[in-house]
Amino acid sequence: MRGQVALPGDPGFETASRAWSTAVTQQVRAVVELADADDAAALVRYARREGLTLSVQPSGHGASDDLEGVILVRTSKLDAVRLDPVARTARVGAGVQWGRVLAEAGPHGLTGLAGSSAVVNVTGFCLGGGLSWFGRKHGWAADSVTAFDIVDADGQPGRITAASDPDLFWALRGGGGDFALVTAVEIDLHPAPAVFGGQMIWPGTAAPAVMTAFRDVTADAPDELTVWLQQFQPPGSPDALTSVLIAYLGEEARGRALLSRFDSIPGRLQDTRRMRAIADLGEIATEPTDPSPEIFASELLTGIDDHAAEALLQPITPLLAMEIRHLGGAFTRPSDSAAGQLTAPYCLVEVGLVTTPESRAAIETRRQQYRDALRPVLADRSPFTFLTPGDTAARAFTPAALTRLRAIKRNRDPHTVIRANYPVLA
Ligand SMILES: Cc1cc2nc3c(=O)[nH]c(=O)nc-3n(C[C@H](O)[C@H](O)[C@H](O)COP(=O)(O)OP(=O)(O)OC[C@H]3O[C@@H](n4cnc5c(N)ncnc54)[C@H](O)[C@@H]3O)c2cc1C
């Protein structure tokens, strides 16, 4: 290999082996920084020959606490982006974060299907399905992947498309990082000549009114509009804040009209809505970009009736934030991907800060309280990208999709040379 290899005891090993999420610990065998796709093939062949397992982790945003003894693979040197604005496509190396693609696509009036964070890796996001600001209009981010450059579990490079290998292509589109080492993805870009978005914030006392407006607005929003409701309690503050986060694929006047239900709610503290460059998409939600002890978990919801709304309005502590993401639209259409058709109209995301074992336990207790109170509207599933340590991949898939994924895994990687953060056979 020409890339860097760090072993336990080497200077810098501890830092190199850390995930973005500092709440997880990773006792890995080695950390390898790939120089290029040839390195990836050499590494897979070595692991296959020596009976070792490797796990690709560009950033560790989705780290799962479960990597003891693996070779941890970093991809930051695979950093090429090639945009074709006419064909509306981008070829994106496995080390590239969404912010880079958005910055390059925006000036052409185009966007990729990024989520709320600009520092999440494009490949990791798409392998997990990927819930984007524009998913209601265009579906999973994985639905827009047209090809994967891979190294398979035998160390053979290849380009996987729907035509070349329908099974593997289907599995890579949302089934996670269990099936191949991906060195680049090709994605379709989508028109985004105008985007209006931002955040409106009220004191926590406005939460019931904001919840009512949120339920009304999301009940018949066009697919171009995505609204999330958030309750947030800054560390050390006795008071929660309530907000809505918005991205609208369209002009300001129409966006404001669609959101007018929120205008009559008194006491608004802040309103950051404005026309936005695509490159600014990551600023709508004020999420941390540096490594953080943040841990998230989620529940897909089949609806929000009065009873569920009441449960969701209870104090969020000891969580840092609770978010309800609006799905529906294109997510409900058939999808030829492991992520599959998603009919649940909302996704509850719970965010906590893990600073001590006690704080982790308290977060888990609060999650269980949500589950108990929301039982009638729980889909008992979570999007793959929001699985949390302790979950298994089974939570993310329909039984039929899981069976197919497991068969593909057994067939393509019988020796577990490659291991995802949430392996499908676990
Ligand atoms: C602040 C924040 C905001 C987020 N917002 C959203 C959001 O809006 N929507 C959403 O859907 N998710 C969101 N997520 C979740 C995020 O998409 C997942 O954690 C995703 O897995 C991150 O991908 P990554 O590659 O950056 O993370 P990593 O933890 O580095 O990788 C995750 C997994 O992807 C696989 N993988 C990555 N690259 C490769 C590769 N080249 N080859 C093979 N396997 C690979 C591996 O199995 C790896 O364990 C958010 C997370 C954070 C921390």
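The UniProt record, an unreviewed entry, places the feature "domain: FAD-binding PCMH-type" at residues 24-192; UniProt positions are given in the numbering used here, feature names are shortened, and annotations may be inferred rather than shown by experiment. The model is predicted, and local features need pLDDT of at least 70, side-chain atom pairs count only at pLDDT 80 or more, and totals for chains, interfaces and linings use all residues. Residues are numbered from 1 along each chain as its sequence is written, and side-chain values use heavy atoms, with hydrogens and water left out.

The ligand has 32 residues around it, of which Ser59, Gly60, Gly62, Arg325 and Thr385 come nearest; a residue is near a molecule or strand if one of its heavy atoms lies within 4 Å of it. By type, the residues of this shell divide into 15 nonpolar, 15 polar and two charged (Ala, Val, Leu, Ile, Met, Phe, Trp, Tyr, Cys and Pro count as nonpolar, Asp, Glu, Lys and Arg as charged, and the others, Gly among them, as polar). A polar backbone atom of Gly62 is 2.7 Å from an oxygen atom of the ligand, and a backbone N or O atom of Pro58 lies 3.2 Å from a ligand oxygen atom. An N or O atom in the side chain of Thr385 is 2.7 Å from an oxygen atom of the ligand. On its own the ligand has 960 Å² of accessible area, and the protein covers 97% of this; accessible areas come from the Shrake-Rupley method with a 1.4 Å probe, and for residues only the protein chains shown count as cover. Two or more residues of the shell are given by each of α4 (122-127) and β10 (181-188), and α4 provides the largest share, four residues.

Strand β2 (residues 30-33) is covered on both faces, with Ala30 and Val32 buried on one side and Val31 and Glu33 buried on the other. Buried means under 20% relative accessible area, exposed over 50%, and partly exposed in between (1.4 Å probe, protein chains only). In a regular strand the side chains alternate between the two faces of the sheet. Strand β1 (residues 4-6) pairs with β2 in the antiparallel sense over three bridges, and Val5 stands opposite Val32. Strand β4 (residues 71-74) runs parallel to β2 and is joined to it by four bridges, with Arg74 as the bridge partner of Glu33. Two strands pair if DSSP finds at least two bridges between them.

Three further positions were examined. Pro238 lies in the loop between β13 (225-232) and β14 (241-248) and counts as exposed because its relative accessibility is 71%. Its C-alpha atom is 9.8 Å from that of Thr317, although Pro238 and Thr317 are 79 residues apart in sequence. Leu387, in the loop between α10 (357-374) and α11 (399-412), has 4% relative accessibility and therefore counts as buried. Asp413, in the segment after α11, counts as buried because its relative accessibility is 3%. The side chains of Asp413 and Lys409 are joined by a polar contact of 2.7 Å, and a polar atom of the Asp413 side chain lies 2.8 Å from the backbone nitrogen of Val417. A polar contact is a pair of N or O atoms within 3.5 Å; within protein, one must be able to donate a hydrogen and the other to accept it, and residues adjacent in sequence count only if both atoms are side-chain atoms.
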